[in-house]
Amino acid sequence: MTPARRPAPAAGPTWRDVEPAPLVLLTGPEDYLAARARDRVRALLKDRRGPVELSTVDAAAYAPGQLTALASPSLFDDAKLIHVTNLAAMNDDCLADGLAYVQAPDPDVVVLWEHSGGNRGKKLLDALKAAGAAVVECKPLKNDRDKSEFIVTEFRTHRRRIEPDAARALAAAVGSSTAELAAACAQLLSDGPESITFDDVEKYYGGRVEATAFKVADAALAGRAENALKLWRQALDTGVDPVPMVGALAAKLRTIAQVHGTRGGAGQLAQRIGAAPWQVERAQEESRRFSEEDLVRALRALAEADAQVKGEGRDPAYAVERAITTIALSGRR
């Protein structure tokens, strides 16, 4: 008999919804997300229990008995929040006192333990998890999908909407900094309309968007011919060569053709065609506007452009422009 599978452990709270608790562990190198989690815990604690006595402890410079002293009752009976920073560089005294404290934490005190990553202090991290600490992962946004999801959720949290194309454009404009992405969202939430479109992002951040080959390809495959051509001309002005432009279009169109009309989950298809699941999901979404005839027409235009940019034509830039136009005008818009 096949043994029954154990249920997967429940996911911990996120930095958006973490609640005050005797033991809270913030783990990961993304300082901005950790700061948002800390601010949330402190604000909720203040709302529920009044004034908060905040103490910050550097684990690398920890003195023996410091944690116990800070957790002891205060003269004014204020709520206590102890923030233990720099666990990745903790000294031996912090490790010893921390291991002892997590065995019997004070239920009226909130202790935020912050670890940026690495193996140092793993024994204490394991003890915190075993003691039932609320574990909040504070990981960097790794790719365009992570950034777009962060942006969409920021707007959803405020009961506002940003269109998928607009979210991708904002991620491309701002870059990889989570703090800068959040600041850009805050500006659009404050100054922008109720629902944010691609044009709204262009209005506020268009000057910061680098017209790279893949941004041109995204616009063309979304059916935004005018925008795609504008980005392509900007790309030419910044020195983008026609050859990688054709390569970017070919890579995206090839993935769309591979998933067009197929069934199955993104993970299964990703293994079959050698792409990441998020790339497959995006290609499936983009493929819906194309019929088989549209794809054949677009692939032929791209093959012709490829030959033109590799020596058969006198005007490679125009050959790419013609391919972009054909792809953008193909399919349903």
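D92 is exposed, with a relative accessible area of 57%; exposed means over 50%, buried under 20% and partly exposed in between (1.4 Å probe, protein chains only). D92 sits in helix α3 (residues 92-103), helices being DSSP runs of H or I with at least four residues, numbered from the N terminus. One caveat: this is a predicted model, where local features need pLDDT of at least 70 and side-chain atom pairs 80 or more, while totals for chains, interfaces and linings use all residues. Residues are numbered from 1 along each chain as its sequence is written, and side-chain values use heavy atoms, leaving out hydrogens and water.

**Exercise 1.** Find out how the buried residues of α14 are arranged around its axis.

*Solution.* First list them: D294, L295, A298, A301, L302, A305, Q308 and V309 are buried. Next, look down the axis of α14: these residues fall within an arc of 145°, so they line one face (the arc is taken over directions from the helix axis to the C-beta atoms). Then find their partners: the buried residues pack against α11 (242-259) and α15 (316-329), contact meaning heavy atoms within 4.5 Å. Finally, check the other side of α14, where E292, E293, R300, K310, G311 and E312 are exposed.

Key: Helix = DSSP H or I, 4+ residues; strand = E, 2+ residues; numbered from the N terminus.
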